Amino acid sequence: MKAHLGLPVDGVQSVPDCEAVSASQRKHEIEPAEGYAGLCTYRAIVWERALAKGDGIKGCPDS
């Protein structure tokens, strides 16, 4: 999650981390956008990455 948001992966959740997660949640219209990266936030990030990679994802059908 942190790498996707352009944050250093350091194993610590800081205030800037929470602010970046909250901004991502608002972008994806996830309520509440409280900065906690739960399952819904994780799925939104996976979906965004899948759309960006397109056919580069192994095991997925073309459609």
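Predicted model: local features only at pLDDT ≥ 70, side-chain atom pairs only at ≥ 80, totals over all residues.
Local features were considered at pLDDT of at least 70 and side-chain atom pairs only at pLDDT 80 or more, while totals for chains, interfaces and linings use all residues. Residues are numbered from 1 along each chain as its sequence is written, and side-chain values use heavy atoms, with hydrogens and water left out.

The chain contains two helices and zero strands. Helices (H or I, at least four residues) and strands (E, at least two) are DSSP runs, numbered from the N terminus. Helix α1 covers residues 15-27. Helix α2 covers residues 39-53. The end C-alpha atoms of α1 are 18 Å apart. This agrees with the 18 Å that its 13 residues should span at 1.5 Å a residue. The expected span is 1.5 Å times one less than the number of residues in the helix.

Of the 63 residues in the chain, 22% are buried. Buried means under 20% relative accessible area, exposed over 50%, and partly exposed in between (1.4 Å probe, protein chains only). The chain exposes about 4900 Å². Carbon and sulfur atoms supply 57% of that area. Accessible areas come from the Shrake-Rupley method with a 1.4 Å probe; for residues, only the protein chains shown count as cover. Contacts (heavy atoms within 4.5 Å) were also sorted by separation in sequence. Among contacts between residues at least 6 apart, 16% join residues at least 24 apart.

The packing of the helices was examined next. In α1, the buried residues are Asp17, Ala20, Val21, Ser22, Ser24 and Gln25. The buried residues of α1 pack against α2. Serine 24 has a relative accessible area of 7% and is therefore buried. Leaving aside residues up to four places away in sequence, serine 24 touches Leu5 and Ile45.

On the α2 side, threonine 41 lies within the helix. Threonine 41 counts as buried because its relative accessibility is 3%. The side chain of threonine 41 makes a polar contact with the side chain of glutamine 25, at 2.9 Å. A polar contact is a pair of N or O atoms within 3.5 Å; within protein, one must be able to donate a hydrogen and the other to accept it, and residues adjacent in sequence count only if both atoms are side-chain atoms. Threonine 41 and valine 21 are 20 residues apart in sequence. Their C-alpha atoms are 8.2 Å apart in space.

Side chains of opposite charge can pair when their charged atoms come close. A search of the whole structure finds one salt bridge, defined as a side-chain nitrogen of Lys or Arg within 4 Å of a carboxyl oxygen of Asp or Glu. Lysine 27 forms a salt bridge with glutamate 48, and the closest N and O atoms are 2.8 Å apart. Lysine 27 lies in α1 and glutamate 48 in α2, so the pair ties together parts that are 21 residues apart in sequence. Lysine 27 counts as exposed because its relative accessibility is 59%. Between the C-alpha atoms of lysine 27 and alanine 44 the distance is 9.9 Å, with 17 residues of sequence separation. Glutamate 48 touches His4, Lys27 and His28, not counting residues up to four places away in sequence. The C-alpha atoms of glutamate 48 and histidine 28 are separated by 9.5 Å, and the two residues are 20 apart along the chain.

The surface carries a nonpolar patch of about 310 Å², made by Leu39, Tyr42 and Val46. Patches are made of residues with over 30% relative accessible area and no salt bridge: like charges are joined within 9 Å, nonpolar side chains (Val, Leu, Ile, Met, Phe, Trp, Tyr) within 5 Å. Leucine 39 belongs to α2. With 53% relative accessibility, leucine 39 counts as exposed.

The loop between α1 and α2 holds both glutamate 29 and proline 32. At 70% relative accessibility, glutamate 29 counts as exposed. Further along, the peptide bond from glutamate 31 to proline 32 is cis. The omega of this bond is near -10°.
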